[in-house]
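Hello,

Here is the structure I said I would pass on. Please open it first, then read the notes below alongside it.

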Amino acid sequence: MRAETRKITWTSRKETWITSVMVFIMVVMASLFFAAIDGGLGLATTQLLKLATAG
């Protein structure tokens with residue numbers, strides 16, 4: 001039990017900071033990606049509906 005307890009290492013403040021920044025960057029990238037997809041699908045749907053009702 002004590003040998004296993006000694007193996008535990010805590011992350012440093014620098015590692016925690018870097019991980020937090022990387023997670024923030026990934027969240028921003030994901031939100032931009034989903035906003036672009038949402039906008040593209042919305043535009044495609046609008047154009048499809050205009051084409052369908054034009055005839």
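The protein has 2 helices and 0 strands. Its radius of gyration is 24 Å, well over the 10 Å that the globule rule gives for 55 residues, so the protein is more spread out than a compact globule. Please keep in mind that this is a predicted model.

Along the principal axes, the C-alpha atoms fill a box of roughly 80 × 25 × 5 Å.

How much of the protein is buried? Buried residues make up 0% of the 55 residues. A residue has to fall under 20% relative accessible area to count as buried. The protein exposes about 5600 Å². Carbon and sulfur atoms supply 72% of that area.

Next, the surface. There is a nonpolar patch of about 980 Å². Its members are Trp17, Ile18, Met22, Phe24, Ile25, Met26, Val28, Met29 and Leu32. Met22 lies in helix H2, which covers residues 13-54. Met29 lies in helix H2 too.

From Met29 to Leu43 is 14 residues in sequence. In space, their C-alpha atoms are 21 Å apart.

Now the aromatic rings. How many aromatic pairs does the structure hold? It holds 1. The partners are Phe33 and Phe34, and their geometry is edge-to-face. The ring centres are 5.4 Å apart, with 65° between the planes. That angle is over 60 degrees, so the pair counts as edge-to-face.

Are the two partners buried or exposed? Phe33 is partly exposed, at a relative accessible area of 49%. Phe34 counts as exposed, at 55% relative accessibility.

- Asp38 has its place in helix H2. At 58% relative accessibility, Asp38 counts as exposed. Asp38 and Thr9 are 29 residues apart in sequence. Their C-alpha atoms are 43 Å apart in space.
- Gly40 also lies in helix H2. At 36% relative accessibility, Gly40 counts as partly exposed. Thr53 is 13 residues from Gly40 along the chain. The C-alpha atoms of Gly40 and Thr53 are separated by 20 Å.

Best wishes

How values were computed:
Residues numbered from 1 in each chain as written. Predicted model: local features only at pLDDT ≥ 70, side-chain atom pairs only at ≥ 80, totals over all residues. Heavy atoms only, no water. Helix = DSSP H or I, 4+ residues; strand = E, 2+ residues; numbered from the N terminus. Rg over C-alpha atoms; globule rule 2.2 N^0.38 Å. Buried < 20%, exposed > 50% of the residue type's maximum accessible area, 1.4 Å probe, protein only. Areas by Shrake-Rupley, 256 points an atom, 1.4 Å probe, with all protein chains shown as cover. Patch = residues over 30% accessible without salt bridge, like charges linked within 9 Å, V, L, I, M, F, W, Y side chains within 5 Å. Salt bridge = Lys/Arg side-chain N within 4 Å of Asp/Glu carboxyl O. Phe/Tyr/Trp six-rings, centres within 6.5 Å; stacked < 30°, edge-to-face > 60°.
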